[in-house]
Amino acid sequence: MTPWKFGVRGLAAALVLLATAGTALAQGSRVVGTVKDETGQPIKGATLSLENPDAIPRNFTATSDERGRFAVLGLKSGEWSIVAQAPGFLPDATRVLVRATTPVAPLLTLRRAPLPPPSVL
């Protein structure tokens with residue numbers, strides 16, 4: 001192999017690596033968490049709202065599955081607030097520090113909403 005061919009191949013390999021790394025960095029970080037009730041049972045269909053005023057986009061929304069799991073991909077590194085809500089439950093909120101290298105796995109616990117007092121007729 002001539003030095004010229006090695007140089008072209010090396011340059012091509014470097015360009016492929018740079019393009020791949022740029023794509024991975026552009027994808028951002030992720031939050032993969034769980035929503036449960038106070039007895040530890042998963043809550044299906046909870047709505048998760050994530051917000052970071054310093055990020056673009058600033059807001060993300062997710063819904064928990066039958067095991068209470070949710071995932072949000074493509075987050076910018078930084079501090080994100082998360083609010084979980086579900087019908088019949090009081091909302092729960094937390095803050096997480098999202099980093100590009102490690103996914104965050106918060107557990108949000110929703111308490112049942114108190115029943116309204118009986119109406120007097």
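Is S29 buried or exposed? Select S29 and look. This is a predicted model. In it, S29 is buried, because its relative accessible area is 4%, under the 20% cut-off.

**Stop 1: around S29.** Colour strand β1, residues 29-37; S29 belongs to this strand. Now show what surrounds S29. Beyond neighbours within four places in sequence, its contacts are V72, L73, G74, L75, S77, V98, R99 and A100. Draw one distance from the S29 side chain to the backbone nitrogen of A100: 3.1 Å.

**Stop 2: A100.** Follow that distance to its other end. A100 sits in the loop between β6 and β7. A100 counts as exposed because its relative accessible area is 55%, over the 50% cut-off. Leaving out neighbours within four places in sequence, A100 is in contact with S29 and S77.

**Stop 3: the largest nonpolar core.** Select V31, V35, L48, L50, F70, L75 and W80. Of the 22 residues in this core, these touch the most other members. Then colour the elements that give the core two or more residues: β1, β2 (47-51), β3 (59-63), β4 (69-75), β5 (78-85), β6 (92-98) and β7 (107-110). In soluble globular proteins, nonpolar side chains tend to be buried together.

**Stop 4: L48.** Stay in the core and centre on L48. Not counting residues up to four places away in sequence, L48 touches V35, F60, T61, A62, S64, F70, I82, V83, A84 and L108. Two of these, V35 and F70, were already in the selection from the previous stop.

How values were computed:
Residues numbered from 1 in each chain as written. Predicted model: local features only at pLDDT ≥ 70, side-chain atom pairs only at ≥ 80, totals over all residues. Heavy atoms only, no water. Helix = DSSP H or I, 4+ residues; strand = E, 2+ residues; numbered from the N terminus. Buried < 20%, exposed > 50% of the residue type's maximum accessible area, 1.4 Å probe, protein only. Polar contact = N/O pair within 3.5 Å; in protein donor to acceptor, adjacent residues only side chain to side chain. Contact = heavy atoms within 4.5 Å. Core = buried A, V, L, I, M, F, W, Y, C linked by side-chain atoms within 4.5 Å.
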